[in-house]
Protein chains: 2
Amino acid sequence: VRLASLLAPDLEETLKSNPLHAAELAEELHAADLAEVIEGLTDETAVAMLHALPPPVSASALDAMNHAKRAELFQKLERPFAVQLTELMSADERADLFQALPAELRTDLLGRLTKEEQRDVRELLRYPETSAGGLMTTDYVALKPELTAERAIDEVRRTAAEKETIYEAYAVDPNGTLLGSVSLRDLVLARVGQPISTVMNADTISVPPDMNQEDVARIFQRYGLLALPVVDAARKMLGIVTVDDVVHVMKEEQAEAIQKLGAVQPTETPYFETDFWVFVRKRAPWLMAMFGGEIFTATILERYSWARAANQAIEVFVPLILSTGGNTGSQSSSLVIRGMALGEFGVGDAVKILWRELRMGMVLGGMLGLFGFFRVLLVGHSGGGGLALAVGLALIANACFGAVVGSGLPLLIKRMGYDPAVSSGPFIASLVDVLGIGIYVEVAIWVLGLSHPGH
Amino acid sequence: VRLASLLAPDLEETLKSNPLHAAELAEELHAADLAEVIEGLTDETAVAMLHALPPPVSASALDAMNHAKRAELFQKLERPFAVQLTELMSADERADLFQALPAELRTDLLGRLTKEEQRDVRELLRYPETSAGGLMTTDYVALKPELTAERAIDEVRRTAAEKETIYEAYAVDPNGTLLGSVSLRDLVLARVGQPISTVMNADTISVPPDMNQEDVARIFQRYGLLALPVVDAARKMLGIVTVDDVVHVMKEEQAEAIQKLGAVQPTETPYFETDFWVFVRKRAPWLMAMFGGEIFTATILERYSWARAANQAIEVFVPLILSTGGNTGSQSSSLVIRGMALGEFGVGDAVKILWRELRMGMVLGGMLGLFGFFRVLLVGHSGGGGLALAVGLALIANACFGAVVGSGLPLLIKRMGYDPAVSSGPFIASLVDVLGIGIYVEVAIWVLGLSHPGH
């Protein structure tokens, strides 16, 4: 962020006075830094910069650029130049770009690509963005299994420029079926004349194109992979996912989870670059939903006004008891969300989890209940043994209730096919508050032996 | 998880009846899978398995194993065998293992290693686990800059077996100063006779050993790296961090953040493998702290009993108003935590952030205040224009208060050097509840013109 804001004005000046020198400066930068600098320019200057740079440099900056800004710039480029750049971009980024373009421009640009590139784009666009198919690229090294290691290295050398990685290559038969993976390490270490079919790993792990990106990330982590082949049901190679995409996905998922856990609809753009009113739209629906739930706390309190009139001290402990249920629930929810994110368990373990969390609610509620009991008994002027007992019992009951709802809701949400991280602390708290009041007041009525004046 | 539970009993049986065959079966597995299988065995069988396998296979399983279990097993191995295994383990995992061993065993094992290995272990143990120095390994390929590409490849081939990666090598001068990085890709693509000093990237990114692992992960993500050199102030090479460690760190950090955001002290072991009472210890302190804060809500409500006696409907809306402050605060907190996790801004931007969140609180509070106003006015029997106005204004005030505390607290926690993720939704809610009641009741007293009977 700092780099771009420092460089962008300089580069903008230089571009006006001496475009060739500006291009030289820009070329020195890493693609990711150059992309950030271009993102900081006005659209007009950014377009001028893309024209001034050598096309491969522009293409790699585009590969690394923010997707929204990139699509915006493409609409301002002359068509033949735009086609040239898309041809130089990496296959997966090119597909992402086409997805973001308006239909008319997409169709026009697509029609100007070679037949093979058109097929690649269409193939990559078939899968959802968050699946293995959406992450993969078709730029991988395919080798005939009968090649010797030296011939294979020659082949790698010949095609390296347009490949996403050359550190993993794949032996395929004439139909494109995956036979095994062979790393450049294996090739370099192979004995002279050794055919790659004897060096390759025939057991190589592969995934289907519809596998969720979180599961893909988990496989990379477990096996310390650099690349992972994506194959169809007949083991035909479709593409590969590389570790840099996985690192990117993991960072994105973490940022998304943090927002969901705070009851915010996720945004992708940085905080200060996100419009104030976009945040209002991302936050208001959740706040409204939770507010709509919480309104019933007022309804319940109104309904119990007779009990509160009979013993005014009841209401003094409402916030304390409600927050305990919500907090215990937030804890349970976070442990279940974490466990599912790490693949430790699934919806099938629901009964075991709920039972464990219920016991946890009893223990934790028991501790807090004891504290609550003595607080009511010993401090303040609203005390009395009966109310102290009622508060203590209600704390236990609410902790158990919170733990069950907090652990059950993420499982339910997962079962319905959504991301369990939306069962955030605030959301759980709003859910348990309404019934939590009912539990507390009913316990108090029972312990204190209150009766409705109407009966 | 499933794999291990399926294989472990079979393997255990086979190990008893036919140890050689068991070793053959185990060798077929990927190191990560084998590690999981061994983790599932009793300590005695696990030790027998480690003995039965070829030592390099055992060592790579140990590299991939849970740290606590690994340290436990090592205490049951015969010393000479333990030394042999540590020699075969990767340098970074070996250092982690030594850290986890009891002092007596550590000193004994360390004394049996070669001088160079001892130095490596001591060097790696100098840095905190969560720093670049804690992540790095000393098993990297160092090359003399005057080597030709072919000679460099020969050198890589010769030393490959003991290196963490051979895809990035480093040109160093006789003092060990980093001159540049050279990828195996560059070496394979170089022209015959080309010295590596002309192929290498002399501008290679490097980091100091005390850099935080989150910042290290951010650099890997930004530049799509496979390895990153760690150097001291004089640019002397200390080691390299590899991308698989970073993927692992990111997964761990995400799991940790989810727990912190749910107000749970993070655990590292899987949910079902974590003892019930360990979870009690991870949850109770946070619950107690929040409970301790919430107790003051009762104190405040007791103090305002005269106002609540004057208008019994005041208390009906307490939970609704408190939850609104807490929820708005959770949202603000999650956006600030996310921004800092992504490196979008730092503590220095506090004023800008607080001002933006205050305005956000006004807008969101305004919307909810309007709903609240009509709820009080139109529904239920506790209505009245004065109270409706008081509830509406208190909702605005609490949303603003929540937004300011929610955005300010993670900044403050970061400023104090802790992880801002501990300013979770439940924690923020507990903080704003106490003052939130005060704000609401004071607004109601003012709007309704109530006065204390004692005055």
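This is a predicted model: local features need pLDDT of at least 70, side-chain atom pairs count only at pLDDT 80 or more; totals for chains, interfaces and linings use all residues.
## A tour of chains A and B

Residues are numbered from 1 along each chain as its sequence is written, chains are lettered from A and ligands numbered from 1 in the order in which they are written, and side-chain values use heavy atoms, with hydrogens and water left out.

**Stop 1: the interface**

Show the residues in contact (heavy atoms within 4.5 Å): chain B gives 114 residues and chain A gives 113 residues. How many salt bridges are there between chain B and chain A? The count is ten, where a salt bridge is a side-chain nitrogen of Lys or Arg within 4 Å of a carboxyl oxygen of Asp or Glu. Zoom in on B:R308 and A:E315, whose side chains form a salt bridge at 2.0 Å, N to O.

Next, select helix α16 (residues 276-303) of chain B, which supplies 18 residues, the largest share of the side of chain B that touches chain A. Helices (H or I, at least four residues) and strands (E, at least two) are DSSP runs, numbered from the N terminus.

**Stop 2: helix α12 of chain A**

Select residues 149-159 of chain A, helix α12, and pick out its buried residues: A:A149, A:A152, A:I153, A:V156 and A:T159. Buried means under 20% relative accessible area, exposed over 50%, and partly exposed in between (1.4 Å probe, protein chains only). Why do these residues lie on the same side of α12(A)? They do so because they cover an arc of only 140 degrees around the axis, taken from the directions from the helix axis to the C-beta atoms. On the other side of α12(A), find A:R151 and A:R158, which are exposed. The cover over the buried residues includes β1 (141-143) and α13 (184-189) of chain A, together with α13 (184-189) of chain B.

**Stop 3: two alanines**

Finish with A:A263, in the loop between α15 (243-261) and α16 (276-303) of chain A. Its phi is positive, near 60 degrees, in a residue other than glycine, and A:A263 counts as buried at 1% relative accessibility. Then jump to B:A263, in the loop between α15 (243-261) and α16 of chain B. B:A263 is not a glycine, yet it has a positive phi of about 65 degrees.
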